[in-house]
Amino acid sequence: QFTSNIRINGSYSPKIDEIIRCIIQLKQDEPDVKILIFSHWDTILSAIIFGLNQNDIKYRASFSPNFNKQIEEFKDYNQGVTCMMLNLKFGGKGLNLTEATHVFLVEPILKFDEEIQAIGRIHRIGQCRKTFVHKFITKNTMENVIYEKIINDKEKWIHNQFTLRDLENLFSLP
């Protein structure tokens with residue numbers, strides 16, 4: 001855990017704290033870093049936004065008014081915006097955001113094509129820099145159990161060949 005020595009203002013949840021620390025570390029390493037943060041849930045994105053505000057990190061959000069303006073401000077290095085908050089359901093399609101080099105996936109994504117869409121916002125034609133994907137999975141939680149089950153049977157999930165029984169098994173403890 002490379003960010004454990006990074007101090008943040010406030011305490012939100014172990015995962016959100018780690019996300020904020022990671023952003024601060026990335027900004028220390030590269031002051032004009034651009035990060036896309038994806039979640040299925042606007043409430044989670046809003047909680048992260050609270051932490052970003054408390055730590056003076058500029059962001060834009062897909063659920064804010066005037067989405068196109070939010071995107072343009074994120075892309076413009078003169079604006080000093082570090083993070084673009086995107087709901088996975090709406091923000092993963094049709095955007096070219098090669099200004100960013102980091103994608104944060106806040107929780108496990110059950111549909112592999114949604115994950116590829118999110119990563120594809122920065123890892124596409126026109127991208128000249130290395131891109132990085134950060135998956136935030138909380139250890140010793142149901143989230144971790146789900147993630148491990150998906151990883152252990154990756155081909156089934158990649159090709160969307162899972163059954164209702166497979167979905168039920170995701171939510172059962174080992």
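Which strands does helix 5 lie across, and at about what angle does helix 5 run to strand 4? In this predicted model, helix 5 lies across strand 1, strand 4 and strand 5, and runs at about 150° to strand 4.

Five strands make up an open sheet, with parallel pairing and the order 2-3-1-4-5. Strand 2 (59-61) and strand 5 (132-135) are the edge strands, each pairing on one side only. From one strand to the next, the twist averages 20°.

Strand 1 (residues 35-39) pairs with strand 3 (residues 83-87) in the parallel sense, over five bridges. Within this part of the sheet, isoleucine 37 is opposite methionine 85 of strand 3.

## Helices on the sheet

Helix 1 packs on the sheet and touches strand 1, strand 3, strand 4 (102-105) and strand 5. The direction of helix 1 makes about 175° with that of strand 4. For helix 5, the corresponding angle to strand 4 is about 150°.

Helix 5 covers residues 112-119, and its buried residues are Glu115, Ala118 and Ile119. These residues cover an arc of only 95° around the axis, so they are on the same side of helix 5.

## Charged residues of helix 1

Aspartate 17 is located in helix 1 (residues 14-29). This residue is buried yet has no salt bridge. The nearest side chain of opposite charge belongs to arginine 21, 4.7 Å away; a salt bridge requires a nitrogen-oxygen pair within 4 Å. Apart from neighbours within four places in sequence, aspartate 17 is in contact with Ile8, Ser11 and Tyr12.

Which residue does arginine 21 meet in a salt bridge? The partner is glutamate 18, with an N to O distance of 3.0 Å. Arginine 21 and glutamate 18 are three residues apart in helix 1, which means that about one helical turn separates them. An α-helix has 3.6 residues a turn, so residues three or four places apart point the same way. Both arginine 21 and glutamate 18 are buried.

Arginine 60 counts as buried because its relative accessibility is 16%, under the 20% cut-off. Glutamate 73 is also buried, with a relative accessible area of 16%.

Lysine 69 forms a salt bridge with glutamate 73 as well, and the closest N and O atoms of this pair are 3.6 Å apart. Lysine 69 and glutamate 73 both belong to helix 3, where they are four residues apart, about one turn of the helix. Is lysine 69 buried or partly exposed? With a relative accessible area of 46%, lysine 69 is partly exposed.

Notes. Residues are numbered from 1 along each chain as its sequence is written. This is a predicted model: local features need pLDDT of at least 70, side-chain atom pairs count only at pLDDT 80 or more; totals for chains, interfaces and linings use all residues. Side-chain values use heavy atoms; hydrogens and water are left out. Buried means under 20% relative accessible area, exposed over 50%, partly exposed in between (1.4 Å probe, protein chains only). Helices (H or I, at least four residues) and strands (E, at least two) are DSSP runs, numbered from the N terminus. The arc is that of the directions from the helix axis to the C-beta atoms. Lys and Arg count as positive and Asp and Glu as negative; His and the chain ends are not counted. Contact means heavy atoms within 4.5 Å. Two strands pair if DSSP finds at least two bridges between them. Axes are lines fitted to C-alpha atoms, for helices over the stretch in contact, and angles run from 0 to 180 degrees between N-to-C directions.
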